[in-house]
Amino acid sequence: MAVPSYATRGERIWHYVFLGLCGLIFLFLIGPLLIIIPLSFNAEPYFTFSDAMLRLDPAGYSLRWYEDFFTSSAWLNSIKNSFIIGIASTILATVLGTIAALGLSSRHMPARGAIMALLISPMIVPLIISAAAMFFFFSKINLAQTYLGVILAHTALGIPFVVITVTATLSSFDTTLIRAAHSLGANPTRTFFKVVLPLVTPGVVSGALFAFITSFDEVVVVLFISGPEQRTMPIQMWSGIREQISPTILAVATLLVLLSMLLLTTLELLRRRNERLRGMTPG
Amino acid sequence: MSESPTVPLTTADGVPLKTSLRRAVRRSKVKAFLLVSPLLLFLVIAFVMPIFDMLWRSVDNPEVSSTLPRTVAALEGWDGESIPGEPVFAALVEDLRVGQEARNLGLLSSRLNYEKSGMRSAISRTARRVGSLEPPYRESLIGLNEAWGELDTWKLIKRESSPYTVSYYLAAVDRQLTPDGEIVKVPEYLQIHATLFWRTFWMSAVITAMTLVLGYPIAFLLANLPLRHSNLLMILVLLPFWTSLLVRTTTWIAILQSQGVLNDMMVAIGVIADEARWQMIHNKLGTIIAMTHILLPFMILPLYSVMKTIPPSYMRAARSLGGRPFLSFRRVYFPLTIPGIAAGGILVFILSIGYYITPALVGGQSGRFITNYIAYHMQTSLNWGLAAAIASILLFVVIVFYWIFNRLIGVDKVKLG
């Protein structure tokens, strides 16, 4: 965004002020995430930089909070639970959501708008309301405090993300390719696996990633419907923040920031692959 | 080859083209619906039924009619003008005796206690002695606990014998029914919910405005930079979006608390004295700062996707026609971004009024939202009917905004990442 050649002096000044403001806003966005990374190496049990850290004294830094994390059975168990619940609900949400998206992107889908609004609603309804409702209902049908209950709840929460990403991918899908495959002698199964699936996969995978992160990060519903056995990592963090605030949380937070960087990179690569497959070159 | 207009077009096997087409459309309609149906069925069971169950619970009122069936029957013809007669008291004694044996008087006494304080102890005390009571029950019950001699008690039982109630909804907006059926405000010291609803709405509006003020320049910058720069900067927006909510809340605790990074820094450079550290967390300010940060990407992304579609030549045209920079922006560019502002604004507002985690962790007492009271009534006070009523009101507000959003933008236009 260069300053046009006809800009006045005032406009030039304003341009740099604007860039400076944007820099500050970016700092507000990203600074808090970056600041916890050094804080998590604090040798002292504080949530701030110690003098030793500011002097860059190696004694001020330590890995004790990471050690704490990797040797605590409570934390490790909660990670295991988070992965079990996350993976199971992601598989369910992705399979159901992808099949539904195939139907939704048909031109002849009846009541498309209403059904779409219903399928997206778990994303819009506040989590506390879903949590309360599921707590009442799941207690009645003996699903509260079970793995199955938490998995079903998280599947419902993940579904909108799968539906949105897969229908978006399908809407730009060129259906003449299917006819071309048929005319070249491929049967419907072969067409699906050789033509449709490779083109749709990036959308499905990014939908699945969204569903996984939704489950992996979800606190409120688990807080209400899970029992002590289904303690997930967010619950462990939640009670850590509320009860005994220890910098182990900062170590976990750092690991989670790294995880989200990893996820973001994966998504970006998927997006580029998708554009390449469709013959659109990224700018 | 000219077709006479009276002969309908047919396919190769002689079926009229219209019929054949209609059949094909119907077949693909059924096929599309069958593909969607497993998910619909799943969502109805795992999501829609729970929501309806909650709505039903907010008006459900089974306690009196199921625990005191004989009393309710005996009160059938009661005029409500004076203390009922002996048959009603005898029925009550019998109901309490049965209830005491089955040990299910707890729900009844809390239910009546919501409406009239003192009912819990009246019921439990009476139930404990119910075996040793002698007729006439009217005198012995009134002698045991004076609540039974009050007209209001009987009016209450009569009123709550209906299987449905609006009293949870009234309680959710700090109102109650008097024994005579009038709606009045609850005493001042009990008025919490209306305050919290109001606070939730105005703080969400402030948060929405903050995200707009901070998000607009960023979206503008991203939309006007060359793609390879804006892709890079977009990562700075998407990284917080993808990072765990708890992580982002934790980091604000670390930064804003009184022994936290920001206060330490301010003390170190001498802006504030060590004793006068800023109180930026566990109050409204903490909630607003943390939630603005958390919801900012939800404002930037819709704004960006709208601004991306505005050709830069519009601004150049405005300038060449003599518009000053600010005027051109206000009259040409800004009106074109209003759909983005509406989309982002509604989205952030909907998400904000339903937030629970962040206000609970950084809001302290004064920065709490109505959602925190849903959790309180679910987990601590165990008044589930009231929790369901508050949640239903909140749900209604969200649905209204969702409907507006859907009308304005369309849910299927929502883009992620």
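## Close-up views of helix packing and the chain contact

All views below come from a predicted model.

**View 1. Helices H4 and H9 of chain A cross in a right-handed sense.** On the H4(A) side, the contact is made by Ser82(A), Ile85(A), Gly86(A), Ser89(A), Thr90(A), Ala93(A), Thr94(A), Gly97(A) and Thr98(A). The residues they meet in H9(A) are Val204(A), Gly207(A), Ala208(A), Ala211(A), Phe212(A), Ser215(A) and Phe216(A). By class, this contact of H4(A) with H9(A) holds nine polar and seven nonpolar residues, and no charged residues.

**View 2. Helix H4 of chain A also packs against helix H11 (residues 233-242) of chain A.** The axes of H4(A) and H11(A) are 7 Å apart, and the angle is about 140 degrees. H4(A) is therefore oblique to H11(A). From H4(A), the contact takes Ala74(A), Trp75(A), Ser78(A), Ile79(A) and Ser82(A); from H11(A), it takes Met233(A), Ile235(A) and Gln236(A). Five of the residues in the contact of H4(A) with H11(A) are nonpolar, three are polar and none is charged. Ser82(A) is in contact with H11(A) and is also listed among the residues of H4(A) that meet H9(A).

**View 3. Helices H12 and H14 of chain B form a right-handed crossing.** The axes of H12(B) and H14 (residues 284-307) come within 10 Å and cross at roughly 135 degrees. This angle makes H12(B) oblique to H14(B). H12(B) contributes Leu245(B), Arg248(B), Thr249(B), Trp252(B) and Leu256(B) to the contact. H14(B) contributes Gly286(B), Ile289(B), Ala290(B), His293(B) and Ile294(B). The contact of H12(B) with H14(B) comprises six nonpolar residues, three polar residues and one charged residue.

**View 4. Thr249(B) is a buried residue of helix H12 (residues 245-256) of chain B.** Thr249(B) counts as buried because 27 C-beta neighbours lie inside 10 Å, where 20 or more are required. Apart from neighbours within four places in sequence, Thr249(B) is in contact with Ala290(B), Ile357(B), Thr358(B), Leu361(B) and Val362(B). The C-alpha atom of Thr249(B) is separated by 8.2 Å from that of Ile294(B), a residue 45 residues apart along the chain.

**View 5. Chain B touches chain A.** The contact takes 78 residues from chain A and 77 residues from chain B. Helix H1 (residues 17-57) of chain B supplies 20 residues, the largest share of the side of chain B that touches chain A. That side of chain B has 56 nonpolar, 14 polar and seven charged residues.

**View 6. Chain B contains 19 helices and two strands.** The radius of gyration of chain B is 32 Å, whereas a compact globule of 417 residues would have one near 22 Å. Taken along the principal axes, the C-alpha atoms of chain B fill a box of roughly 95 × 95 × 35 Å. Buried residues account for 39% of the 417 residues in chain B. Of the contacts in chain B between residues at least 6 apart in sequence, 67% join residues at least 24 apart.

Methods. Residues numbered from 1 in each chain as written. Chains lettered and ligands numbered in written order. Predicted model: local features only at pLDDT ≥ 70, side-chain atom pairs only at ≥ 80, totals over all residues. Left-handed = near helix turned anticlockwise from the far one by under 90°. Helix = DSSP H or I, 4+ residues; strand = E, 2+ residues; numbered from the N terminus. Contact = placed C-beta atoms within 7 Å. Nonpolar A, V, L, I, M, F, W, Y, C, P; charged D, E, K, R; others polar. Rg over C-alpha atoms; globule rule 2.2 N^0.38 Å. Buried ≥ 20, exposed ≤ 12 C-beta atoms within 10 Å, placed from the backbone. Axes fitted to C-alpha atoms, helices over the stretch in contact; angles between N-to-C directions. Parallel < 35°, antiparallel > 145°, perpendicular 65-115°, else oblique.
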